[in-house]
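This briefing looks at how chains meet in one structure. Please view the sequence and the structure first, then read the points by topic.

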There are 4 protein chains.
Amino acid sequence: MTTEPGAGLAPLSRARGVAAMLAADTASAGAGITVEVTGPGQARAQMTVTGNMINGHGTCHGGYLFLLADTAFACACNTHQYMTFAAAASIVFTAPVRVGETLTAVAVERSRYGRNGVYDVTVIRDTDEVVAEFRGQSRMTSVPLPGEGGDGAHA
Amino acid sequence: MTTEPGAGLAPLSRARGVAAMLAADTASAGAGITVEVTGPGQARAQMTVTGNMINGHGTCHGGYLFLLADTAFACACNTHQYMTFAAAASIVFTAPVRVGETLTAVAVERSRYGRNGVYDVTVIRDTDEVVAEFRGQSRMTSVPLPGEGGDGAHA
Amino acid sequence: MTTEPGAGLAPLSRARGVAAMLAADTASAGAGITVEVTGPGQARAQMTVTGNMINGHGTCHGGYLFLLADTAFACACNTHQYMTFAAAASIVFTAPVRVGETLTAVAVERSRYGRNGVYDVTVIRDTDEVVAEFRGQSRMTSVPLPGEGGDGAHA
Amino acid sequence: MTTEPGAGLAPLSRARGVAAMLAADTASAGAGITVEVTGPGQARAQMTVTGNMINGHGTCHGGYLFLLADTAFACACNTHQYMTFAAAASIVFTAPVRVGETLTAVAVERSRYGRNGVYDVTVIRDTDEVVAEFRGQSRMTSVPLPGEGGDGAHA
């Protein structure tokens with residue numbers, strides 16, 4: 001791609017688009033997830049595991065680990081000015097997580113091609129041990145993000 | 001495998017093991033998920049999407065779609081008497097879902113080999129349209145499920 | 001989707017489009033793969049494992065198991081008149097395979113949405129034991145398949 | 001894990017174990033794949049796409065892209081002294097590849113936990129453009145690699 005969508009976007013603008021998106025995200029808010037956009041295609045999300053997030057084996061439910069990673073992924077892939085959706089994702093669970101632990105999900109962009117992207121999210125506990133490895137596939141629309149001025153339709 | 005673990009398990013016992021597991025599952029309960037074990041390696045789970053499950057684009061958060069499918073998967077793979085964990089999973093999102101919709105996740109067993117299993121979960125809305133295709137990889141332990149009498153260590 | 005692309009396609013035409021595609025597929029031909037289209041979105045492929053397909057552990061290389069499943073997937077997803085590509089795929093290896101074994105890959109369509117599709121391919125040996133579970137994500141273009149008359153651009 | 005299997009293994013020994021494995025790998029040899037082990041959990045593999053590796057759309061067959069990435073993965077995950085198998089893998093195809101192109105697959109270790117591992121392989125063409133993103137899940141046995149002295153059973 002010679003002209004990358006969102007390539008000239010100011011850092012403030014990236015943060016603004018994601019902030020507008022997060023403000024509407026009741027699922028992440030309900031789980032106490034906080035997010036920081038750390039650069040184009042990058043984000044960090046944090047969540048503390050509560051007694052309401054437990055599965056039938058007494059550890060953090062995979063759905064909440066996925067929710068945390070998916071939110072970090074969503075913020076990372078929506079730093080390019082246009083609304084971008086999760087098309088698919090995979091997760092490998094590498095260690096059980098207990099109530100009270102604070103987890104950090106670090107999302108990075110691996111590849112972008114056309115309107116598509118591949119993002120990896122590593123979820124770690126506070127000892128830096130990895131508890132999950134997530135990979136997301138994204139698909140960009142031609143709709144500017146809320147909060148972005150936009151520059152007309154994305155080719 | 002010539003002697004399948006849990007092969008001679010009575011239906012009531014399967015349901016009892018899963019019921020004990022679900023009773024401890026605060027994440028599924030919090031999302032209003034109900035589950036029915038429909039046979040060995042099979043389960044159906046239902047959830048109605050509330051205003052607390054929404055992502056930044058105004059549709060059901062992928063984390064909640066995953067939570068629903070993952071719970072159906074967990075119940076399906078724990079019908080074989082021994083505690084079984086999700087090792088990994090993937091999900092393809094095939095249609096956006098809105099607040100108020102009731103979703104059904106249908107889990108089936110594709111393959112079992114050694115202590116491992118592959119389970120597919122199709123998530124549909126009430127028009128039968130598919131909204132997500134989930135595939136889980138399970139790993140069985142040698143620990144009998146709570147509620148199961150167990151028959152000693154699983155070879 | 002109210003009007004499904006390729007919905008009115010005659011069986012002969014489906015087979016013709018896939019046959020033209022297979023005729024150009026030197027990779028499958030080199031592996032001795034044969035394919036039968038068994039219906040819309042469905043195909044079966046067969047391959048006999050030779051001494052040239054072995055990995056460093058003395059069993060069939062995962063690359064050849066993937067090649068077989070991927071070819072079945074490609075034929076299944078190209079039964080809808082328009083050239084369709086593999087966007088992504090995953091595979092779980094469930095049993096080792098030895099030289100001399102004949103494998104059958106059975107591809108079925110799980111979901112189609114917009115230009116996308118999800119296809120599952122189960123690879124079995126001649127005892128019907130599953131040796132691999134493959135899932136492919138497809139993406140349809142607007143280019144009619146070689147051998148298809150086509151009916152103009154696909155919306 | 002406090003004592004990592006293979007942690008004290010000399011570089012030469014790592015290379016020797018993988019070299020013995022590659023010597024038996026007829027599939028990789030037949031595709032002209034060469035491999036260099038670049039460190040513990042790391043490998044680079046190269047392959048030039050020939051006219052025998054083409055799919056029905058005239059580009060490199062996904063099976064050969066997978067074969068290249070899978071071989072890099074196998075070499076990376078077999079640098080820890082014990083025979084290690086691919087349990088599962090996923091691949092995203094990000095750009096078509098043509099006959100005559102030389103591809104490089106770069107494998108890195110993301111996580112190891114118990115006997116399991118997660119490895120990522122990025123496949124690039126000679127312009128450094130990414131053509132595929134692969135992720136593999138490995139499972140270690142207690143069998144020392146051929147060429148390794150071994151130190152008895154791996155706990």
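**Where the chains meet**

A:Ala89 stands opposite B:Ile91, a residue in strand 3 of chain B. This is a predicted model, in which local features need pLDDT of at least 70 and side-chain atom pairs count only at pLDDT 80 or more, while totals for chains, interfaces and linings use all residues. Residues are numbered from 1 along each chain as its sequence is written, chains are lettered from A and ligands numbered from 1 in the order in which they are written, and side-chain values use heavy atoms, with hydrogens and water left out.

**Strands across the A and B contact**

- Strand 3 of chain A (residues 82-93) runs antiparallel to strand 3 of chain B, and 5 bridges join them.
- Strands here are DSSP runs of E with at least two residues, helices are runs of H or I with at least four, and both are numbered from the N terminus.
- Two strands pair if DSSP finds at least two bridges between them.

**Size and make-up of the A and B contact**

- Chain A and chain B each bring 34 residues to the contact, where contact means heavy atoms within 4.5 Å.
- The size of an interface is often given as the accessible area lost when the parts come together.
- About 2400 Å² is buried between chain B and chain A, and carbon and sulfur atoms give 60% of this area; buried area is the accessible area (1.4 Å probe) that two parts lose on being put together, summed over both.
- B:His57, B:His61 and B:Phe93 supply 23% of the area that chain B buries against chain A, more than any other three residues.
- Between chain B and chain A there are 0 salt bridges (a side-chain nitrogen of Lys or Arg within 4 Å of a carboxyl oxygen of Asp or Glu).
- There are 17 residue pairs in polar contact between chain B and chain A, both residues at pLDDT 80 or more. A polar contact is a pair of N or O atoms within 3.5 Å; within protein, one must be able to donate a hydrogen and the other to accept it, and residues adjacent in sequence count only if both atoms are side-chain atoms.
- On the side of chain B that touches chain A, helix 2 (26-30), helix 3 (62-77) and strand 3 (82-93) of chain B each supply at least two residues.
- Strand 3 of chain B gives the largest share of that side, 11 residues.

**Strands within chain B**

- Strand 2 (residues 42-48) and strand 4 (residues 102-113) of chain B pair antiparallel over 6 bridges, and B:Thr48 has B:Thr102 as its bridge partner in strand 4.
- Strand 4 of chain B also pairs antiparallel with strand 5 (residues 116-124) of chain B, over 9 bridges.
- B:Ala107 stands opposite B:Val121 in strand 5 of chain B.

**The C and D contact**

- Chain C and chain D bury about 2500 Å² between them, with 60% of it on carbon and sulfur atoms.
- Strand 3 of chain C pairs antiparallel with strand 3 (residues 82-93) of chain D over 5 bridges.
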